[in-house]
Amino acid sequence: MKPIIFDTSDGQQLRINMISPWFRRHYAELGLDSPAKIVKLSLDGGFTCPNRDGSKGTGGCLFCSESGSGDMASYAVSDITEALDGQIRLLSDKWPSDKYHVKYLAYFQSYTNTYAPVDELRAKFEAALEAPDVVGIAIATRPDCIPDDVLDLLSELNKRTFLWVELGLQTIHDSTAEAMNLCHGRADYDDAVRRLTSRGIRVVTHLILGLPGESREMMLESVRYTCSSISTSIDPDSSSPRRIFGLKLHMLNVVRGSGMAAAMPDYVPFDSMEEYIDLLITALELVPPEITLHRISGDAPRATLIAPEWSYKKRTILNNIHKEMRRRDTWQGRFAETSDGPVKSVFY
Ligand code: SF4
């Protein structure tokens, strides 16, 4: 196994394969001018969600905030261009191009970004890729929402740009999925991962820690399962990824306006920040080092957050995670199961 290198270029020894340093290494390995920073531009593509419009369910997943649901289905391509231009203009004040080398990833984040006719999807994704300095695209969706014509489009985009598809799995336990009204389950996820990876498309899996009814062991099972090797029955000899590309882990945030806030107003996912950090580090030790981490904390706005009340302190949480990992002298993948022997981690 090629040892993973945990980047220290920001002056801090990282023990987690976070996506930002990964990008720097990726560009360097390709022999390209390494952009100093890849910034994700979050986009609302004007899609809705099959778990809100009745085709899969109504009311949405219990943790999902209801703002804007389904009322922007006619969002135009020009809105995408305008939204990107506006964000790039704002960010160029923060990182002026004469001082920083910044490139962008268009991130279709809101709702289900593959839930539309394929021609509409193509027009919106192409519009995003045409924006200046956009070098790739990230698409968040549900695992049960990638029909074959959409998969063909994603595959085509994947051949000419940097792409990942983010699948909102949240848990591998169907009993929890049902209780949270996800209206999809583990089988949908398995199918989506096999079909995407068989086309060489990077998958980022989104898991939520602290869902009601889940024990610590159940959450760790979700992490182990999603990080294990993928058997791509469609083309087992291809160079398809053998694992997911990335993982997004964070605590459940109960927010105002969500189904959770109405159904379980007193539910608090973790008793303390320390309890969350302990679980997160145990989870990270199970994640093979080549898997990139895209999030390790929540980022609900303070104004809408109900519980856990400390979860808006993102900087503190992140600092405490890194500090605690150094104190324990541990790292991502320390206890990961790999078929290639023990995990070797190299720091520089
Ligand atoms: S979390 Fe995603 S899949 Fe669930 S209701 Fe919200 S937009 Fe739909």
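I take axes as lines fitted to C-alpha atoms, for helices over the stretch in contact, with angles running from 0 to 180 degrees between N-to-C directions. Helices (H or I, at least four residues) and strands (E, at least two) are DSSP runs, numbered from the N terminus.

This is a predicted model, in which local features need pLDDT of at least 70 and side-chain atom pairs count only at pLDDT 80 or more, while totals for chains, interfaces and linings use all residues. Residues are numbered from 1 along each chain as its sequence is written, and side-chain values use heavy atoms, leaving out hydrogens and water.

**Entry: H2 and H3**

I started with a helix pair. Two packed helices are described by the angle between their axes and the distance between the axes. Helix H2 covers residues 77–94 and helix H3 covers residues 118–130. Their axes come within 9 Å and cross at roughly 25°. H2 and H3 are therefore roughly parallel to each other. I sort angles this way: under 35 degrees is roughly parallel, over 145 roughly antiparallel, 65 to 115 roughly perpendicular, and the rest oblique. H2 passes H3 in a right-handed crossing. A crossing is right-handed if the near helix is turned clockwise from the far one by less than a right angle, and left-handed if anticlockwise.

Which residues of H2 and H3 meet? I found Val77, Ile80, Thr81 and Leu84 on H2, against Ala123, Lys124, Ala127 and Ala128 on H3. Contact means heavy atoms within 4.5 Å. The residues of this contact divide into six nonpolar, one polar and one charged. For these classes, Ala, Val, Leu, Ile, Met, Phe, Trp, Tyr, Cys and Pro count as nonpolar, Asp, Glu, Lys and Arg as charged, and the others, Gly among them, as polar.

**Entry: the sheet**

Next I traced the strands. Seven of them form an open sheet in the order E2-E3-E4-E5-E6-E7-E9, with parallel pairing. Two strands pair if DSSP finds at least two bridges between them. From one strand to the next, the twist averages 25°.

I then looked at one pair. Strand E4 (residues 134–141) is joined to strand E5 (residues 162–170) by six bridges. Ala138 has Trp164 in E5 as its bridge partner.

**Entry: H9 and its neighbours**

Helix H9 (residues 273–284) packs on the sheet. It touches strands E6 (202–209), E7 (246–251) and E9, and its direction makes about 165° with that of E7.

H9 also packs against helix H10 (residues 314–328), at an angle of about 60° with the axes 10 Å apart. H9 and H10 are therefore oblique to each other. The H9 side of the contact includes Met273, Tyr276 and Ile277, and the H10 side includes Thr316, Ile317 and Asn320. By class, I note nine nonpolar, two polar and three charged residues.

Helix H7 (residues 216–227) and H9 have axes that come within 10 Å and cross at roughly 35°. Arg216, Met219, Leu220 and Val223 of H7 meet Asp278, Leu279, Thr282 and Ala283 of H9.

**Entry: the ligand**

What surrounds the ligand? I listed Cys49, Arg52, Gly60, Cys61, Phe63, Cys64, Tyr111 and Arg142 (each with a heavy atom within 4 Å). This shell has five nonpolar, one polar and two charged residues.

**Entry: backbone**

Most residues other than glycine have a negative phi, and most peptide bonds are trans. Asp133 has a positive phi of about 65°, and Asp133 is in the loop between H3 and E4. The Ala307 to Pro308 bond is cis, with omega near -5°. Pro308 lies in the loop between strand E10 (305–307) and H10.
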